[in-house]
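Student: Please take me through the salt bridges in this model. I want a close look at which side chains pair up and where they sit.

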Amino acid sequence: MDEIIAREEDLHAYFDGGSKPRDRWGIGLEYERAGVFRDNGRAVPYEGPASVETLLTTLARTRGWEPILEGGRILGLAKGGTRLTLEPGAQLELSGAVHRGLASLREELSGFVSEVEEMSRPHGITWLGIGLQPFTPLDEIGFIPKKRYAVMREYLARRGARAHVMMKQTCGIQINLDYASELDATDKLRTAMGLSPLLTALYANSPISEGRLNGFMSYRAWAWRDTDPDRCGLLPFVFKDRAGFADYLDYALDVPMFFVVRGEDYRPAGGMTFRKFIKKGLDGTRPTLADWELHLSTLFPEVRLKKYIEVRGMDSGEPASCLALAALLKGILYDGASRRSAWELVRDLAFKDRERLLDDACRMGPAARVPLPLTGRGDASARGTVVVRDLLIEIVRLARQGLNNQGCPEESEHLGLLDRRLGGEGGCPAARLAADWEGPLGRNPVKLVEALSQSASEVT
């Protein structure tokens, strides 16, 4: 990792290094939840007697987790291939191991939920699978003492009006998948990016901010829409014919860097691009492979390329929704026939329509409409609209078919949650949550916390 990058050509084969034969493909989960106190719904702080720091310390002392320290403070845990990490506002994230199937992923998820809930209960803390911290105002949530986030919060505050909302209040689910080759990777990247607005709608789960309805189904996704235009959102080059690794490389080289790390020293990069870093260095330092991989982790498009593919655009939800998403994406992206059929659903959208669709998904969830060509009208330019919910019903069907084609039909059981969701009012968790908030929950934070609190038994 200390290998010096002397010229851009040194990175040309980087993404090729992630290619794996199909028998080595896996699937990984990253799952964020917001900590709240059961008796008032307020956000759990990083430090103090009843805090995230106390929880991590207890888990390290009693459950065999290795602490991850920075400046003497505990900021995460590791056990085998599983890590527990913290987002800037002390949201807790499961960063899971690589799994060959969903059965072992379920076991890991169940263990995470069970251990965290057990250790949290004596402190009156629970963890909500929700896209946005629902009650505590932004300025009452502190940043955890992590040097990376100290640089990011200063930089992003100048780039987007909702950047600190993204950092301190949001929670998401991410699924990580493998690829076999450049062609396979770019096809998966394109399909996942094309489907991303639809998945944002399906998983929308953040209609409440500071105890009030905010007018969005996914305010989490809306926060990302005004975080940093250089590094967030949909990537237009992905949808071009013959797009490849070189296109993503050029994109990444030209995104301004946050920092360069040497030892425990985080040096702000002042907006320097990685391309310029290669050419000129920074304060006498030359770029290394470790710098490059750190930089890739600071790019936040809806679907991200590393030596694997990260699908990132979904609000957090109950634990079972993680398994449903894993089954959906495995079924679509790991089966060629299902992937081609899913791409056909969104292939003909212009990029401006993809952007508008993502904005509409933030506001309306599955009720948003997709502008698509009308077939059989004799006029190739004729256009109509399709309701997102209808496309999602087809996508779930294709995922089930894809799992069958891969020889794992038993994993289709996890898609039942999405069938029920799409058959219900609004088609996404946010619609139900908003209705309950105004109705049976009576705008009562304690009742909402009770309704959303999760236990290991819910990992089905």
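Tutor: A salt bridge here is a side-chain nitrogen of Lys or Arg within 4 Å of a carboxyl oxygen of Asp or Glu. The model is predicted, so local features need pLDDT of at least 70 and side-chain atom pairs count only at pLDDT 80 or more, while totals for chains, interfaces and linings use all residues. Residues are numbered from 1 along each chain as its sequence is written, and side-chain values use heavy atoms, with hydrogens and water left out.

By this rule there are 39 salt bridges. Take Asp254 and Arg275: their closest N and O atoms are 2.8 Å apart. Asp254 sits in the loop between H7 and E11, Arg275 in helix H8 (residues 274-280), and 21 residues separate them. Helices (H or I, at least four residues) and strands (E, at least two) are DSSP runs, numbered from the N terminus. Relative accessible area sorts the residues: buried is under 20%, exposed over 50%, partly exposed in between (1.4 Å probe, protein chains only). Asp254 is partly exposed at 41%. Arg275 is buried at 16%.

Next, Lys79 and Glu115. Their closest N and O atoms are 3.7 Å apart. The pair links strand E3 (residues 73-79), which holds Lys79, to helix H2 (residues 102-120), which holds Glu115, across 36 residues. Lys79 is partly exposed at 32%, whereas Glu115 is buried at 17%.

Lys147 and Glu264 also form a salt bridge, at 4.0 Å from N to O. Lys147 lies in helix H3 (residues 147-157) and Glu264 in the loop between strand E11 (259-262) and strand E12 (265-268), so parts 117 residues apart in sequence are tied together. Lys147 is partly exposed at 34%. Glu264 is exposed at 58%.

Some charges join in a group. Asp184, Asp187, Lys188, Arg190 and Arg339 are linked in a network of salt bridges.

Now a contrast. Arg354, in helix H12 (residues 351-364), is buried but has no salt bridge. The nearest side chain of opposite charge, Asp348, is 7.3 Å away. For charge, Lys and Arg count as positive, Asp and Glu as negative; His and the chain ends are not counted. Instead, the Arg354 side chain reaches the backbone oxygen of Val346 at 3.1 Å. Leaving out residues up to four places away in sequence, Arg354 touches (heavy atoms within 4.5 Å) several residues, including Pro197, Phe239, Trp343 and Arg347.

Key. Polar contact = N/O pair within 3.5 Å; in protein donor to acceptor, adjacent residues only side chain to side chain.
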